[in-house]
Amino acid sequence: MSHRMPLWNAETDADDELVEVDVNLALGNYGQNGLYDDAQPRIDETTLVAAQQIMAHQAAFAQIPDGVKRFIVHFYQAITENNLPEITSAYESGWNRMTEKFYAKTEWPEAEVIAPLVNDDPIFLILYRELYYRHVYSRLSPNIDDRFHSYENSCELFNYLLNSEGPVTLELPDQWLWDIIDEFIYQFQSFCLWRSKVHQKSDEEISMLATEEGASQWSCYSVLNVLYSFIQKSKINEYLVAQKKGLSQEDINDIVGEYGSKQLYRMLGYFSVVGLLRVHVLLGDYTLALKVMENVELNQKTSFTRVTACHVATYYYVGFCYMTLKRYTDASRTFVSILNLLFRIKNYHSRSYQYDQINKTADRMYALFAICYALSPGRHDDQILNMVKERYGEQLSRMSRGEEGLQAFEELFLYACPKFITANPPPYRSLPLLAQFVNSPPPEPAQRHVQLFLSDVRNQLSVPTLRSFLKLYTSLDARKLAGFLDEEEEGMVEKMMVLKQASRSISRAGLGGTNAHQGRGAQVPAGESEGGLLDGQTISTSDLDFVINQNMVHISESTVGRRYAGWFIRNTEYAQRVYDGVKNSPLPLPRSTTAPAAPGAKDVAPAPAPEAPVKKGVAWGANVKAA
C-alpha cells in the first residue's frame, strides 16, 4: 500500500516544468495596484478591538479561583433576592476573607470579567465596582483612570437611587450604606489632595486634567449636590423633627412620603447629614458643619450608633468643630463620651473589619482632648485623663510652658486634624498660570488652619503662669503680681483680662437638664437634646475667679467635692475582675503524705477511689476507655 507524501515534503521537478509557463499570465493582477483592498470590505477597527477584549476577558475569567466565582454568584443571588442577612454576611465577612486570601496585593477582577457570572446585571455590577474601587484606594495606589472611573461609577449608582421612577427595591445593610457615603467623601478628599500636587503630575495627567471633563471630575459642587439630594429625597430632617415631637409611625410616614418611609433612603439621608458635617469641616467652615447637624441628637439612641464607624466619625468631627470654635468644654465632653464608649466595647469592635480605622480615629481624639485640657483645664473623667497623660504626658507638660509649648500644640494639631482640602483646583487649563502656580504655590490647607489655631493659642500663653500665681493667694497687691510676671501694671491687667476671657465659654452645659453625651459618672446639667449643636450659654470653665479693687486683686477659688461614684464603680469593676480570676483558677492539689495511725487503732482498708467517668467518643475524637 502506497503512502501519500506530505505536500510540503514532495520532491518534484516543478521548476523544470514551469520554465515554459508565463507566470505573470497565470497570476494575473492578483494583489497588485491595491485592487484587493478596494474590492474587499475593510475590517471594522472597533470590531477587532471588541474581539480582542472578549479574548482578554475570557483569559482573565479562566484565572479567577473557583472559590471567588462561587462567592460572586452567592453574593449576586443574595442581592437579587434582597436577602439582608446573607448580604450582610457576604459584605462584612466574605468579601474581606476573599480579599485577604486572593487579592491582598492585587486588584479584584474587573466588572466586565465577572459579568457572565451575574447575567450582566447592571445594578450588581455597579455595586461590585464600588467595592472594587474601594479596594484599589485602600490596598493599592489608584491612577488617574481609577480616580475618574470611580467617580463615574458613583454617579451611576446615585443616579439609579435618586432618578429612578419611584423608590428602588434594593435593600442593603446599614454598614454598607454608611461605607458608600463615607467612601464617596474619602475619594473626593483623596482626589483633591492628589490634584493639588502639580509637581508630581506627568504631562499626560496634566493634559487630562486640563480638559473640560477632567475639570468637572470630583467637583465640590457635585459632591455637595449628591449629599443634599439624598437629604431632600429622604426628608430626613422632617423625619428627625417629627420623631422629636413623638409622632406615631403612621404620621411620620405621611410626612416623609414614599422615599423617606424606606430604610434604604432614610439611612442614606441620615448618613448624608453626617457626610455634610465632614465635608464642611474639610473645607474649614465649622459653623456650617454644626448647623447641618442641628436636628441630630448626640446620644446613644440615635441612628448613627448602629454603625460604630459612623458613631466615632460623628463625635470626632463635632468635637473638632467645638475645639476650633474655642468651645473647649463642649469639645472635651464630646471626646470623653465617645472614648468612654470605645473603651467599654473595645472587645466587641475589635472583630470589625474597620477596627484599625476606629483605633486611629480614637487616638487622634485623645490628642485633641489633650489640647482642650491644656487650654481649658478642669474636672474631667479620671479614666480618660489618665490615658491621655500616658500617651501625651510630655506634650501636656510642654504645652503649659508658654512660648515653648507652641511646638507641642502644632504637633498635636497636625497629627489629629482632618486632611483639609482646597475646593478650587490648580489652573491646569492655562499653562502660564500653572507655571506661576508651581513657582509660588499657595500654603497647604493644613498649614493655614494650624496657623489660625496657633494665633488663638498664642493669645493665651500667659494664662497657665498667671493662674499658678493666683492660686497661691487669696488677695494680692497688683504691683507685686506685676513683679512676678515681669510686666508693667498695664500689661498685667491685659493678661488678667485674657485670663478672665479664657475662663468664660459658650457651652451646651448651660442649657439645663441632663447631658446626653457626658462621660461616665459625671453630674452635669441636662437638656442638650432640646437645642442644636450651636446653641449654648456662657458659663465659667475655671474654678478660679478674681476681682480687682483699686490696687488689690482678690482671688476666689471654688472647690468641688470629690465625685465618689466613678471611683467606686472603677474599683468595684477591678475587684470583680480579681474575684473572677481567683474563682476560675484551679484548686491546689492535696498533699500525698498520710498521717501515722494512732496506737491501738484497727487497720482499715482505704476506700477505693471512684472510677473516672467514661466519656463517650465520637468518630473523629480521641481513644476512649473500653468498657
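Reader: How do helix α5 and helix α6 pack, and at what angle?
Author: Helix α5 (residues 66-80) and helix α6 (residues 84-102) pack at an angle of about 160°, with their axes 10 Å apart. Axes are lines fitted to C-alpha atoms, for helices over the stretch in contact, and angles run from 0 to 180 degrees between N-to-C directions. This is a predicted model: local features need pLDDT of at least 70, side-chain atom pairs pLDDT 80 or more, while totals for chains, interfaces and linings use all residues. Residues are numbered from 1 along each chain as its sequence is written, and side-chain values use heavy atoms, leaving out hydrogens and water.

Reader: Why is α5 called roughly antiparallel to α6?
Author: Angles over 145 degrees count as roughly antiparallel (under 35 is roughly parallel, 65 to 115 roughly perpendicular, the rest oblique). The angle here is about 160°, so α5 is roughly antiparallel to α6.

Reader: Which residues of α5 meet α6?
Author: Contact means heavy atoms within 4.5 Å. Gly67, Val68, Phe71, His74, Phe75, Ala78 and Ile79 in α5 do so, and among their partners in α6 are Tyr91 and Trp95. The contact residues divide into eleven nonpolar, three polar and one charged. Ala, Val, Leu, Ile, Met, Phe, Trp, Tyr, Cys and Pro count as nonpolar; Asp, Glu, Lys and Arg as charged; the others, Gly among them, as polar.

Reader: How are helices and strands picked out?
Author: They are DSSP runs, numbered from the N terminus: helices are H or I, at least four residues, and strands are E, at least two.

Reader: Why are β1 and β4 called edge strands?
Author: The open sheet has the order β1-β5-β4, with antiparallel pairing. β1 (475-477) and β4 (544-549) each pair on one side only. Neighbouring strands are turned by 25° against each other on average, direction ignored. Helix α28 (residues 489-502) packs on this sheet and touches β4 and β5.

Reader: Where is asparagine 253, and how exposed is this residue?
Author: Asparagine 253 is in helix α15 (residues 249-260). Buried means under 20% relative accessible area, exposed over 50%, and partly exposed in between (1.4 Å probe, protein chains only). Asparagine 253 has 28%, so it is partly exposed.

Terms used
Two strands pair if DSSP finds at least two bridges between them.
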